[in-house]
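Please read them with the sequence and the model at hand.

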Amino acid sequence: MIFVLEDDCGWESYYRRLLKGQELAFFHDGIAAIAAMDFDEPPRLVILDVLLTGPTGFAVLNEMRSYPQLMDVPVVIVSSVSLPDDIAEKYGVVAAFDKGSMRPSDLLEIVGRYA
Amino acid sequence: MESEVVVAHELKAPLSLMRQLALSLDYEESLEGAREVGKQIVATSDRAIRQVNDLTKIARLDEALFEMEPVNPRAVCDEVVNELWQWFKFNRRELSIDYRNKRRLAVANTQLLHSVVYNFCLNAMNYGGEELPSEIAVYDRGAKIRIEVRDFGPTIPTKIWREIKDGFVKKPVATPMRPGSSGLGLYIASRFSSYMHSDFGLIRHRDGTSFYIDLPVSGQLSFL
């Protein structure tokens with residue numbers, strides 16, 4: 001299962017088309033997403049926006065990392081916020097993409113590798 | 001956050017989405033699928049163009065170019081739904097209208113009122129869901145006609161609520177609990193409402209917010 005934390009329904013629709021065939025679960029806010037994560041069977045990948053309804057994506061990431069069962073879940077940040085180049089390394093995520101410059105192949109490669 | 005940054009961020013969202021959708025055409029396996037993506041690109045660009053047009057209109061409000069006239073609120077709401085139904089469909093949402101008003105005309109400017117209702121609906125779509133359809137309600141309140149759109153989003157921050165209650169949102173601001181609608185839509189709606197001397201407000205619910213505009217009834221009879 002891939003968890004997608006995205007509160008723009010236009011993007012939600014885009015992910016549904018691009019990642020057709022994958023099992024996806026969409027969440028508008030991080031609290032609901034973390035509550036839905038099964039510790040015995042955590043998501044194979046989390047696609048995380050930064051500006052979410054409620055706590056930001058970074059707060060969600062910190063919360064996830066505080067649980068040993070979720071610590072190793074691969075996370076990819078996909079956001080329209082301009083992020084520094086070292087963001088992936090700094091936050092321990094597999095990749096960080098800017099919605100304005102990302103290519104569908106970038107995301108498909110990550111999904112192919114982890115999910 | 002500076003209001004310019006808020007506006008830029010809000011305008012970047014549809015542009016980024018259009019780019020992604022266009023690039024994703026390479027991955028569509030059928031002509032039918034490609035056509036669907038094409039329609040979504042058009043619907044997304046229509047939304048972006050409307051936002052830019054509304055911002056342009058705000059800059060021209062001081063020139064008093066928008067005349068007040070007798071307007072049929074039902075016709076305006078029908079137009080908005082016709083314009084947005086496809087956008088709602090792409091986003092797996094529903095939009096309906098509940099007319100509970102008498103067939104009276106209101107005093108407003110058709111273009112500006114259209115934008116106000118449009119922005120209310122976009123906001124409701126962002127904070128709706130597949131099981132939470134958005135609805136425009138039109139009903140009479142004495143000598144006023146109210147157009148109200150309910151959403152199911154997080155509670156509006158008190159600062160924004162106070163500004164709306166005072167009758168005016170001064171500038172587009174980021175609303176930390178509602179990043180999906182950075183306040184630009186509310187700002188546009190409040191500026192246009194103020195120009196039309198109509199009452200713009202909100203009702204806070206436990207599970208969302210209803211935004212409304214109260215329009216004075218026109219003395220002219222409706223022939224519709």
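Where is the place of H197(B)? It is in the loop between α6 and β6 (199–205) of chain B; helices (H or I, at least four residues) and strands (E, at least two) are DSSP runs numbered from the N terminus.

1. Basis of the note. The model is predicted: local features need pLDDT of at least 70, side-chain atom pairs count only at pLDDT 80 or more, and totals for chains, interfaces and linings use all residues. Residues are numbered from 1 along each chain as its sequence is written, while chains are lettered from A and ligands numbered from 1 in the order in which they are written.

2. Phi of H197(B) is near 55°, a positive value in a residue other than glycine. H197(B) counts as exposed because it has 11 C-beta neighbours inside 10 Å; a residue is exposed with 12 or fewer other C-beta atoms within 10 Å of its own, buried with 20 or more, and partly exposed in between, the C-beta atoms being placed from the backbone. D166(B) belongs to the loop between α5 (158–165) and α6 of chain B and is likewise exposed, with 10 other C-beta atoms within 10 Å.

3. Overall make-up of chain B. Six helices and seven strands form the secondary structure of chain B. Their order from the N terminus is α-α-β-α-β-β-α-β-β-α-α-β-β. Of the 224 residues in chain B, 39% are buried. Among contacts in chain B with a separation of 6 or more, 73% join residues 24 or more positions apart; two residues are in contact if their C-beta atoms, placed from the backbone, lie within 7 Å.

4. The largest nonpolar core. A nonpolar core is a set of buried Ala, Val, Leu, Ile, Met, Phe, Trp, Tyr and Cys residues joined through C-beta atoms within 7 Å. The largest one has 42 residues, of which V116(B), V117(B), F120(B) and C121(B) touch the most other members. Two or more residues each come from α3 (73–90), β3 (106–108), α4 (110–126), β4 (134–141), β5 (144–151), α6 (184–195) and β7 (208–216) of chain B. The largest share, 10 residues, is that of α4(B). Another core lies apart from this one and holds 29 residues, including L45(A), L51(A), L17(B) and V37(B).

5. Helix α4 against α6. The axes of α4(B) and α6(B) are 9 Å apart, and the helices pack at an angle of about 150°; axes are lines fitted to C-alpha atoms, for helices over the stretch in contact, and angles run from 0 to 180 degrees between N-to-C directions. The two are therefore roughly antiparallel, the term for angles over 145 degrees, whereas those under 35 count as roughly parallel, 65 to 115 as roughly perpendicular and the rest as oblique. On the α4(B) side the contact includes L112(B), S115(B) and V116(B), and on the α6(B) side G185(B), I188(B) and A189(B). Leaving aside neighbours within four places in sequence, V116(B) is in contact with A189(B), F192(B), S193(B) and I213(B). L122(B), also in helix α4 of chain B, counts as buried because it has 23 C-beta neighbours inside 10 Å. Its C-alpha atom is separated by 8.1 Å from that of G185(B), 63 residues apart along the chain.

6. Helix α3 against α4. Here the packing angle is about 40°, with the axes of α3(B) and α4(B) 9 Å apart. Among the residues that meet are V76(B), C77(B) and V80(B) in α3(B), and L113(B), V117(B) and C121(B) in α4(B).

7. Helix α2. The 30 residues of α2 (residues 31–60) of chain B should span 44 Å at 1.5 Å a residue, and the end C-alpha atoms, 43 Å apart, agree with this; the expected span is 1.5 Å times one less than the number of residues. The buried residues of α2(B) are V37(B), Q40(B), A43(B), T44(B), Q51(B) and D54(B). K39(B), Q40(B), A43(B) and R47(B) of this helix meet Q86(B), W87(B) and F90(B) in α3(B).

8. The contact between chains. Chain B contributes 24 residues to the contact and chain A 18 residues. On the side of chain B, two or more residues each come from α1 (3–24), α2 and α4. The most, nine residues, are given by α1(B).
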